[in-house]
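Thanks for coming. I have one structure to go through today, so please have a look at it before I start.

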Amino acid sequence: MNLSALHSFGKEMLQKNKIDTEKKDKAFAQKFIQHLDAIESLFDEIYGRHPKRNAAFDALLQNLVTQYQQRPTTLLKKDQAKAKKGNWFLSNDIAGMSLYVDRFAGNLLGLSQKLDYFTELGVNFLHLMPVFESPEGESDGGYAVSNFRKVDARFGNNEDLEALIEKMNAKDMYLMLDIVLNHTSHHHEWAQKAKAGDSYYQDFFYFYENRDIPNQLDQTMPEIFPESSPGSFTYIPECNKWVMTVFHHYQWDLNYSNPDVFVAMLDTVLHYANLGVDILRIDAPAFIWKQLGTSCQNLPQAHTLLRLIKQCVQVSSPGMALLGEAIVAPDEIIKYFGTQEYTAKECDVAYNATQMALQWDALATGDTRVMLSAQHPIMQKPFGCTWISYTRCHDDIGLGYDDYMIERVGLNPYHHRTYLKNYYAGWHEGSSSAGALFSVNPKTGDARISGSLASLCGLEKAVEWNSPLHIEQALNKIILMQAHSMFMGGIPMLFYGDELAYTNDYSYLQDAGKSYDNRWMHRPIMNWDKNEKRKQEGSFENIIFTQTKKLIATRKRMPILSDTKNTTWLTPHNIHVAAFARTQENKKIYCLFNYKDTASFITWYAFKEQGDRPSVLLDHWSGKEHKVGNDHEYFVLPPYGFAILEAVQ
Ligand code: GLC
């Protein structure tokens, strides 16, 4: 459609829906018309030649209007307040925690009674792991959804969720929920109908009469869970067909080449927005487009669909930001922020999975060179977007950075990765780590790492060894890792339990619905008696809780830590130390992290070589002032220590 025809079409639609374009709904109407062009061209890039194009496009626009009309007034007001602030999610004031409702507090009601706990810690942003209906035993931690709009009875009901959100609002807390865009549970109504032979719903998935195409696709599609769910296709005896299941055999991939699928899922996106979601975590967006002869990951069409979602959200629920959970190669992650004319117009937030893995790399080797070598793509993040900055989450740790980043510092990628895996699995001599390898693929030699922050940092073994030295090291490592992600740009996201040094929980081995997936070892069940120990001076819980709290408070005190793309790595002077500066107007802080088990020395020249001449540096962490010495003298960082320095003279 040409632009004026498109605008008339849009205006008609607004009229038909009784939108008050002059007064009450003026802002919406303007956005609707403004974004129409981009919405249509992105939609047509994918569906332009599809026989259902017109009906689907109408339905999409109609949903935008209806969902706007259903947006509660409180959220419309919140949208306005957020728009005034600009990119509100860049602020240093936000500190998040990701948690399973049932494992954390029993259910939604229980969680709403625990909000003071977050306030005590300084957390004001919650990522609730999937709460919508998901069959027990075939749930993938909630990522196999059988009903996108009904809270699973395990957690309570829809009203409990609404009540929780209201309570969180009253405390000015932000909320993140997931939309599991790539697949549904095989118990979802669409899948059930497809199984029963309904061809309309079979088109919602990728169905095949025989193994011809699946065999071809299997040659190029990497396996995600090679041990528990090898291959990417599952035979469905009820209809004698094969269906695509990239993740587990019970998670059926949605077919986004069918516009009806996109329209239905976008409507759920907007429905979540109307629940009061502040950041929507788009689960596994890298996988949403499939094409023969490719890896079926990170394809351009996946980006087009995300851009289309962003445009639609900006129209109907502009206060909701989008997080793309793309845990892929560094050069690919960065593309989820958008490229070319869509730079900073795709996902607002992405996980800094590369940096996270690099911190684990440095911790195992005591060497930060690979971390530095991999920074180039990370630093390309556009202004206005931000990272989720984290050390652990509910998933495994993948060493997803590229081989060339390792080779560049003179190391052999194969040996280096093998060392890291052996180190964290606890197989390497002297390793205090108690993790496990996850998704080992004997065909490719790939493996990822499971384990809780505390166990990977050595606390579990140190206690077993009854070694005060190792205990002290483990506690320092935990805080070092958290500090680094807290002071890098991005929204810090703690994983529940880590703030209290929970070690691995092996009870999942007794549960048939979980024992095949060792990620459950680092998804603890909170023990609130144990959690009380945070008040007991000198306990591990106390040390880690107090220091995590202090990290958050320190970050909140310093606006310079907002993500204004103001991070610059310092020239390396010591391979054990990661060091960067954050700047804001004429202010500057230096953040230094020692990944070595002994003290590290940094020449004072490191603070002068960019033209500054500080004479006294205040460490915001220890509270100590340091007189800057001569170039041949040193600033000393303790073993696994760090400093946040600011020139005060
Ligand atoms: C995401 C989730 C992970 C899940 C997968 C499939 O990567 O974080 O836990 O297994 O998607 O939904």
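Lys588 is buried, with a relative accessible area of 15%; buried means under 20%, exposed means over 50%, and partly exposed lies in between, using a 1.4 Å probe and protein chains only. Before I go on, this is a predicted model, in which local features need pLDDT of at least 70 and side-chain atom pairs count only at pLDDT 80 or more, while totals for chains, interfaces and linings use all residues. Residues are numbered from 1 along each chain as its sequence is written, and side-chain values use heavy atoms, with hydrogens and water left out.

Back to Lys588. Its partner in a salt bridge is Asp612, and the closest N and O atoms are 2.7 Å apart. The term salt bridge here requires a side-chain nitrogen of Lys or Arg within 4 Å of a carboxyl oxygen of Asp or Glu. This pair links distant parts of the chain: Lys588 is in strand 20 (residues 587-594), Asp612 is in the loop between strand 21 (600-603) and strand 22 (616-619), and 24 residues separate them. Helices (H or I, at least four residues) and strands (E, at least two) are DSSP runs, numbered from the N terminus. Asp612 counts as partly exposed because its relative accessibility is 25%.

How many salt bridges does a search of the whole structure find? The count is 39. In general, side chains of opposite charge can pair when their charged atoms come close. Another case is Lys535 with Glu532, where the closest N and O atoms are 3.0 Å apart. Lys535 is exposed, at 54% relative accessible area, and Glu532 is partly exposed, at 40%.

Next, Glu40 and Arg53, whose side chains form a salt bridge at 3.3 Å, N to O. Glu40 sits in helix 2 (residues 26-47) and Arg53 in helix 3, so the pair, 13 residues apart, links distant parts of the chain. Are these two residues buried or exposed? Both Glu40 and Arg53 are buried.

Helix 2 also holds Asp37, which is partly exposed, with 37% relative accessible area. Leaving aside neighbours within four places in sequence, Asp37 is in contact with Leu3 and Leu6, contact meaning heavy atoms within 4.5 Å. Asp37 and Asn2 are 35 residues apart along the chain, and their C-alpha atoms are separated by 9.1 Å.

Now helix 3 itself. The axes of helix 3 (residues 53-69) and helix 13 (residues 300-316) come within 9 Å and cross at roughly 35 degrees. On the helix 3 side the contact is made by Leu60, Leu64 and Tyr68, and on the helix 13 side by Cys312, Val315 and Ser316. Axes are lines fitted to C-alpha atoms, for helices over the stretch in contact, with angles from 0 to 180 degrees between N-to-C directions.

Last, Ile525. This residue is in the loop between strand 17 (491-495) and helix 23 (528-531), and at 47% relative accessibility Ile525 counts as partly exposed. What does Ile525 touch, not counting residues up to four places away in sequence? The residues are Arg103, Tyr502 and Asp505. Ile525 and Val101 are 424 residues apart in sequence, and their C-alpha atoms are 10.0 Å apart in space.
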